[in-house]
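Here's a friendly walk through a protein model. Take a look at it first, then read on.

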Amino acid sequence: MYNLYKSSSGISGANYSKVLTTVPFVRKMAGVALSAVVEKLNEFAPENLAEKWDNVGLLIEPFTKRNITKILLTNDLTENVMSEALARSSDMIISYHPPIFAPLKKITQKSWKERIVSICLENKIALYSPHTSWDSVTNGVNDWLAASLPAASAQPIIENLSNPSIGAGRICVIQGELTLGAAVERIKAYTKLKDVRVAVAVNRNLDAPIRTFAVCAGSGTSILKGVKADLYITGEMFHHDILEANHQNIHVILLNHSNSERGYLPIFREILRNMLKDYQCIQIDISEQDADPLQTY
């Protein structure tokens with residue numbers, strides 16, 4: 001399903017030797033300018049694709065400019081992830097969720113979000129957040145989640161006005177035959193989760209056939225509400241919306257909020273590597289400290 005970002009540039013083989021003899025050798029600096037990374041990120045998922053309420057883009061830009069050589073990807077920028085970024089000597093953090101959402105009136109050491117901002121500024125670490133722009137774009141988070149089940153077709157639930165091939169959520173038609181029980185096992189294997197929560201539709205069971213399914217990474221309540229499908233797959237939903245879905249003969253599978261998003265990071269690492277392939281010495285890591293706060297005991 002995924003098509004890694006591709007770009008074409010360079011000099012034809014016939015003219016290459018001539019260029020080598022006429023252009024003086026210039027040693028390339030390691031890394032890439034922050035502005036170039038931000039430009040590539042916007043080429044993949046323009047910030048204007050994000051929901052109006054969201055806070056996306058470059059959230060922290062250090063005063064002192066330096067080339068980016070180490071990028072850390074994370075779903076949530078917690079204090080543990082921040083410590084990991086320092087230990088890795090990261091120059092830039094790409095955090096799917098924006099750590100700065102509600103306006104900050106001061107930067108002190110009294111709250112964990114203020115401390116994260118102050119640490120980034122003190123250590124000249126840039127911070128970028130894509131959030132719902134990644135949800136909307138082709139080969140983004142929702143396409144990753146939709147690929148958990150075999151789909152003959154997939155399209156946005158809420159289409160972008162300028163480009164109907166992108167938008168919020170995905171509604172999909174199953175390819176072949178699939179039961180609810182088989183869907184649960186496929187999703188667990190795909191997301192590498194030990195367990196998921198399942199709300200079976202009223203008077204149905206795990207042998208119920210699944211012909212259509214709808215996905216929304218993160219919180220699916222508003223996007224999935226009223227969508228006609230046999231199955232909803234999301235991170236979290238309100239209790240009464242789950243009951244309503246079940247009474248409309250719709251099964252619901254909940255993964256926990258960030259568990260429905262985090263598995264996309266390895267996919268995006270390869271996309272970003274492709275986008276930055278013309279630059280030297282770029283290391284892209286995925287946080288080992290990032291985890292959903294809800295654990296099953």
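## Ground rules

Helices (H or I, at least four residues) and strands (E, at least two) are DSSP runs, numbered from the N terminus. This is a predicted model, where local features need pLDDT of at least 70 and side-chain atom pairs count only at pLDDT 80 or more, while totals for chains, interfaces and linings use all residues. Residues are numbered from 1 along each chain as its sequence is written, and side-chain values use heavy atoms, leaving out hydrogens and water.

## The largest pocket

A pocket here is an open set of points on a 1 Å grid over the protein atoms alone where a 1.4 Å probe fits, with protein on both sides within 12 Å along at least five of seven lines; lining residues have an atom within 4 Å of a point. S10 gives the largest share of the lining of the largest pocket, four residues. Helix H5 (132-136) and helix H8 (221-224) are among the elements that each supply at least two.

Sorted by class, that lining holds twelve nonpolar, 17 polar and nine charged residues. Nonpolar means Ala, Val, Leu, Ile, Met, Phe, Trp, Tyr, Cys and Pro; charged means Asp, Glu, Lys and Arg; the others, Gly among them, are polar.

## The sheet

Now for the strands, which pair if DSSP finds at least two bridges between them. Six of them make an open sheet with mixed pairing, in the order S5-S8-S10-S11-S12-S9. Its edge strands, S5 (151-155) and S9 (197-199), each pair on one side only.

Strand S8 (residues 170-174) runs antiparallel to S10, joined over four bridges. Arg170 sits opposite Val215 in S10.
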